[in-house]
Amino acid sequence: MQQDKIIESYLGITPERRKSKVPAKLDFWQSATGLFLAIFMIAHMFLVSSILISDEAMYKVAKFFEGSFLFKAGEPAIVSGVAVVVIIVLVAHAFLAMRKFPINYRQFIVLKTHKHLMKHSDTNLWFVQAATGFAMFFLASVHLFVMLTQPDTIGPNGSAYRFVSEHFWILYIFLLFAVELHGSIGLYRLCIKWGWFEKLGISNLRRIKWFMSVFFIVLGLLTYGAYVKKGLTQTDSSINYKHIDTQLYGKGE
Ligand code: HEM
């Protein structure tokens with residue numbers, strides 16, 4: 001029985017030679033987790049970019065997510081809770097996506113040759129998505145671990161300090177390009193796969209995909225510049241910039 005199940009999920013065919021539903025279910029969950037992460041990232045990029053309005057605006061956003069509307073001082077553990085949920089969904093998504101990766105060098109070469117011969121733009125996009133997804137295994141986990149364990153350091157000064165003095169600018173520049181390419185290609189593929197927005201036509205969907213990548217990369221770079229600019233001014237070694245935000249802006253009330 002156990003062996004039958006393994007064969008079923010591996011080949012997509014049940015012992016009775018019926019098509020198994022397992023691959024379709026796994027595909028559904030891959031899409032659902034991807035959609036959740038894409039929506040989360042759209043919201044995340046707008047929230048983090050609140051630094052472009054002002055330091056106070058970014059601080060208020062950070063406090064809001066600590067539940068400052070419920071508890072006066074806010075509770076950073078709420079942000080850790082959100083990070084746990086995102087980590088679980090991200091791991092599930094990566095695990096489901098891994099099924100589609102070539103599993104050895106021979107498979108990889110076959111795939112590369114097909115890609116080269118076909119010159120099919122969606123196959124090229126699939127390669128970009130697989131490569132950026134692979135990069136995010138490493139890049140996103142570092143960022144999420146810090147958000148999970150140091151939620152109290154999120155704020156205009158704390159975040160800028162992390163960007164410059166703790167050298168996260170190196171991680172963030174790669175993560176930014178990886179997530180924006182991966183996310184918009186992922187949403188485009190969801191539309192093609194499930195027939196969403198079919199009426200728009202494939203060329204319009206492709207245009208929207210490029211618009212989204214460019215929009216979020218530009219917004220991300222402006223945001224990145226704002227944190228780096230602030231971080232570069234943090235030169236007084238007697239100040240604890242990482243934990244100074246609450247002192248400067250109050251407890252969010
Ligand atoms: C609960 C989950 C998350 C929280 C609370 C969070 C929060 C933040 C915060 C506060 C920053 C500003 C810099 C800092 O303080 O270090 C930031 C930057 C960034 N985050 Fe996240 N993040 C989360 C998840 C993610 C995920 C899943 C990704 C991508 C897979 C991501 C990608 C980025 C990128 C690329 C930047 C740099 C932004 C830029 O350069 O414009 N974050 N995040």
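A salt bridge is taken here as a side-chain nitrogen of Lys or Arg within 4 Å of a carboxyl oxygen of Asp or Glu. By this criterion the side chains of D55 and K230 meet in a salt bridge, with an N to O distance of 2.8 Å. D55 lies in helix 3 and K230 in helix 9, so the pair links distant parts of the chain, 175 residues apart. The model is predicted: local features require pLDDT of at least 70 and side-chain atom pairs count only at pLDDT 80 or more, whereas totals for chains, interfaces and linings use all residues. Residues are numbered from 1 along each chain as its sequence is written, and side-chain values use heavy atoms, with hydrogens and water left out.

The chain has ten helices and zero strands, where helices (H or I, at least four residues) and strands (E, at least two) are DSSP runs numbered from the N terminus. The C-alpha trace spans about 70 × 40 × 40 Å along its principal axes. Of the 253 residues, 37% count as buried; buried means under 20% relative accessible area, exposed over 50%, and partly exposed in between (1.4 Å probe, protein chains only). Contact denotes heavy atoms within 4.5 Å. Among contacts with a separation of 6 or more, 74% are between residues 24 or more positions apart.

The structure holds seven salt bridges. In one of them, D27 pairs with K193, the closest N and O atoms being 3.0 Å apart. Because D27 lies in helix 2 and K193 in helix 8, this pair ties together parts that are 166 residues apart in sequence. D27 is buried at 18% relative accessibility, while K193 is partly exposed at 42%. A further salt bridge joins R206 to D122, with the closest N and O atoms 3.3 Å apart. R206 is in helix 9 and D122 in helix 6, so parts 84 residues apart in sequence are tied together. R206 is partly exposed, with a relative accessible area of 28%, and D122 is buried at 15%. Salt bridges with shared partners also join D27, R99, K100 and K193 into one network.

Helix 2 (residues 22-48) and helix 9 (residues 202-232) pack at an angle of about 35 degrees, with their axes 9 Å apart. Axes are lines fitted to C-alpha atoms, for helices over the stretch in contact, and angles run from 0 to 180 degrees between N-to-C directions. Residues I42, M45, F46 and V48 of helix 2 meet a set in helix 9 that includes M212, F215, F216 and Y227. T33, also in helix 2, is buried, with a relative accessible area of 11%. Apart from neighbours within four places in sequence, T33 contacts V89, A92, H93 and L96.

Helix 7 (residues 156-164) is mostly covered, eight of its nine residues being buried. The buried residues, among them N157, R162 and F163, pack against helix 3, helix 6 (121-149), helix 8 (168-194), helix 9 and helix 10 (245-249).

F69, in contrast, is exposed, with a relative accessible area of 52%. F69 is located in the loop between helix 3 (55-64) and helix 4 (77-98).
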